[in-house]
Amino acid sequence: MRIAVAGTGYVGLVTGVCLASKGHEVTCVDVDESKVEIMRQGISPIYEPGLSELMKDNMERLIFTTDYASAYRGAEVIFIGVGTPEKKDGSANLSYVYKVVEQIAETVEQECVVVVKSTVPIGTNDKIETYMIEHLKNDIPVHIASSPEFLAQGTAVRDTLHAARIVIGVESDYAKKALEKVYADFEAPKVITNRRSAEMIKYASNDFLALKISYVNEIANLCEVVGADIEDVTRGMGFDSRIGDKFLNSGIGYGGSCFPKDTKALSWLASFNDNEIKTIKAAIEVNENQKFKLIKKARKYYEDFSGLTVAVLGLTFKPGTDDLREAPSLVNIPIMLEDGAKVKAWDPVGVENFKKHYQHEIEYCDTIEETLENADICFIFTEWSEVKALDVLKYKALMRHPIVLDGRNCYKLDQMDGIGITYDSIGRETIIR
Ligand code: NAD
C-alpha cells in the first residue's frame with residue numbers, strides 16, 4: 001500500500017521503517033530538514049537498536065521528505081506520529097497534530113484513511129473528523145482512525161514487529177478494511193473497537209504501568225524502613241500470575257516522553273470532565289518525590305556537595321535510548337552543581353543530546369573508570385549494561401571516597417558486601433564500609 005507517515009521521531013520513524021519492511025511503499029515526512037537529509041542517506045537520526053539495519057535493508061521502499069503535499073496527495077493511508085507534549089497545565093499539546101491535519105486537509109486528492117498514532121486525549125479523533133469535514137479542500141471522503149502506539153524506546157523495532165497487540169479504533173468499514181490490510185503481515189492480536197475506546201486503551205495502559213512503578217517504589221521505600229528487601233519482595237510477588245513479574249523494578253522513578261505526560265494528561269482530562277482519577281494523581285506525586293531519592297540519601301554522607309567530585313553514571317531516562325526527556329539526571333545534576341560540586345558524567349549514547357540541550361559545566365568522560373577516578377560519591381541514574389557489567393572492585397580502587405548510590409539496583413547486595421565500599425540502593429539494606 002502507499003503509506004505516508006507524518007513525523008519521524010521514535011514512533012514515526014520506527015512505524016515507517018517497519019511498514020516498509022512488510023512491503024509497503026512508505027513516505028516519511030518531517031519538518032526538520034537536517035533530519036530528513038540524514039535519513040535520505042540511510043542513517044537513523046535516533047538511537048534505537050536494530051533500526052539503522054532495518055532502514056538500510058528497506059531503503060528502496062522508503063522516501064524521506066519535508067514536502068508534505070507530495071507525500072499526502074496520493075497516499076491510501078496517512079499515519080500521524082508527531083509529538084503531543086505536555087502543556088503547563090498538564091493537558092496534551094495537540095498543535096503539532098492539528099498542523100498535520102490541516103496539511104492533510106489541504107492536500108489529499110483521493111479517498112484515504114488518516115490514522116492517529118500519536119497519543120491523544122479521548123475524543124480527539126472525533127474532533128479531527130469534524131475539522132477535516134470543515135476544511136477539506138477537495139470533496140472526497142477522509143476516514144479518521146485511531147491506532148495508538150505501544151512501543152517502548154530501546155526495544156521499539158521488536159515491539160513494533162512483534163507487538164503484543166495492535167489496537168484499531170474505527171468508525172467506518174472502509175477504515176477497518178484499510179487498517180486490516182496495512183497490518184495484514186503483523187501477527188499480533190488485533191483489538192478492533194471504536195475510536196474513543198482505542199484512545200482510552202492507550203492512556204489506561206500507560207498509566208497503569210506508571211502506577212505499577214510508583215506502587216513498587218513506595219513499597220521499596222517502606223522496605224528500607226522496616227528492614228525488608230524489595231528484590232525478594234518483588235520476586236515473591238512476581239510468581240503470582242495475576243500480578244506478573246514485569247515492571248516490578250524499584251528505582252528513582254519513571255521518566256521518558258510518555259509516562260510523565262500521559263499520567264498528567266489523563267489526570268487533567270478527568271478533572272476537566274468533573275472527575276478525579278486519584279490513583280494516577282498519587283502515582284505522579286510518588287514519582288516526583290522518587291526522582292530525588294538518591295540526592296536525599298546523599299545528604300546522609302555529605303551535608304552538601306561543595307568541593308566534592310561527583311561521578312554520574314547514566315544520563316538518559318533508561319538504557320537503550322539517547323532520549324533524555326524527564327530523565328532523573330536532568331533535575332539532580334543542577335542540584336549538585338548549585339551546591340558547588342565538580343560533576344563528571346558518563347553515558348554511552350546520551351552525552352551529545354545532553355550537551356546540546358543543557359549547557360552545564362560538566363566533565364564528560366569516555367569510560368566509567370575515568371568517571372570514577374577520584375570521585376567522592378557516585379550516582380547511578382541509568383542501568384546501562386556497561387554499569388551492570390563493571391568489576392565492582394573498581395569503585396574502591398578508583399574513587400577517593402567509595403560511596404555508591406545506586407538508583408537502579410544494578411548489583412546484588414552480596415556482590416557489594418565486604419569490598420570496602422558504602423553501597424546505598426533502593427528498597428534494600430545499606431552496606432556501610
Ligand atoms: P518525537 O518528538 O520523537 O518526534 C516527533 C517528530 O515529529 C519530530 O521529528 C518533529 O520534527 C516531527 N514533526 C513535528 N511537526 C511535524 C509536521 N507538521 N509534519 C511532520 N513532522 C512533524 O515524538 P515521539 O516520541 O515519536 O512521540 C510521538 C507520539 O507518539 C507522541 O504522541 C507520543 O506520546 C506517542 N508515543 C511515543 C512513544 C515513545 O516511546 N516515544 C511510545 C508510544 C507513543
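This is a predicted model: local features need pLDDT of at least 70, side-chain atom pairs count only at pLDDT 80 or more; totals for chains, interfaces and linings use all residues.
**View 1. Domains of the chain.** The domain assignment, whose bounds come from an automatic or database source, divides the protein chain into domain 1 (2–193), domain 2 (202–290) and domain 3 (293–424). The centres of domain 2 and domain 3, taken over C-alpha atoms, are separated by 24 Å. Their contact (heavy atoms within 4.5 Å) takes 16 residues from domain 2 and 15 residues from domain 3.

**View 2. The nonpolar cores.** A nonpolar core is a set of buried Ala, Val, Leu, Ile, Met, Phe, Trp, Tyr and Cys residues joined through side-chain atoms within 4.5 Å; buried means under 20% relative accessible area, exposed over 50%, and partly exposed in between, with a 1.4 Å probe and protein chains only. The largest such core has 40 residues, of which Ile-3, Phe-79, Leu-179 and Val-182 touch the most other members. Helix α1 (residues 10–21) gives the most to this core, with seven residues; helices (H or I, at least four residues) and strands (E, at least two) are DSSP runs, numbered from the N terminus. When residues up to four places away in sequence are not counted, the residues that Phe-79 touches include Ala-4, Val-5, Leu-19, Val-115, Lys-117 and Tyr-183. A second, separate core of 34 residues includes Ile-252, Val-312, Val-343 and Phe-381.

View 3. Ala-220 counts as buried, at 0% relative accessibility, and touches Ile-230, Ser-250, Ile-426 and Gly-427, residues up to four places away in sequence not being counted. The C-alpha atoms of Ala-220 and Pro-334, which are 114 residues apart along the chain, are separated by 26 Å. Val-225, also found in helix α9 (residues 195–226), is by contrast exposed, with a relative accessible area of 67%.

**View 4. The salt bridge between Lys-300 and Asp-424.** A salt bridge is a side-chain nitrogen of Lys or Arg within 4 Å of a carboxyl oxygen of Asp or Glu, and a search of the whole structure finds 30 of them. In the one formed by Lys-300 with Asp-424, the closest N and O atoms are 2.9 Å apart. Lys-300 lies in the loop between α13 (293–298) and β9 (309–313), and Asp-424 in strand β14 (residues 422–424), so the pair ties together parts that are 124 residues apart in sequence. Lys-300 counts as exposed at 54% relative accessibility, whereas Asp-424 counts as buried at 0%.

View 5. The closest N and O atoms of Arg-408 and Glu-383 are 3.7 Å apart. Arg-408 lies in the loop between β13 (403–406) and α19 (413–416), and Glu-383 in the loop between β12 (377–380) and α17 (385–388), so the pair ties together parts that are 25 residues apart in sequence. Arg-408 counts as buried at 13% relative accessibility, while Glu-383 is partly exposed, with a relative accessible area of 24%. Elsewhere, salt bridges that share partners join Glu-224, Lys-293, Lys-297, Lys-300 and Asp-424 into one network.

How values were computed. Residues are numbered from 1 along each chain as its sequence is written. Side-chain values use heavy atoms; hydrogens and water are left out.
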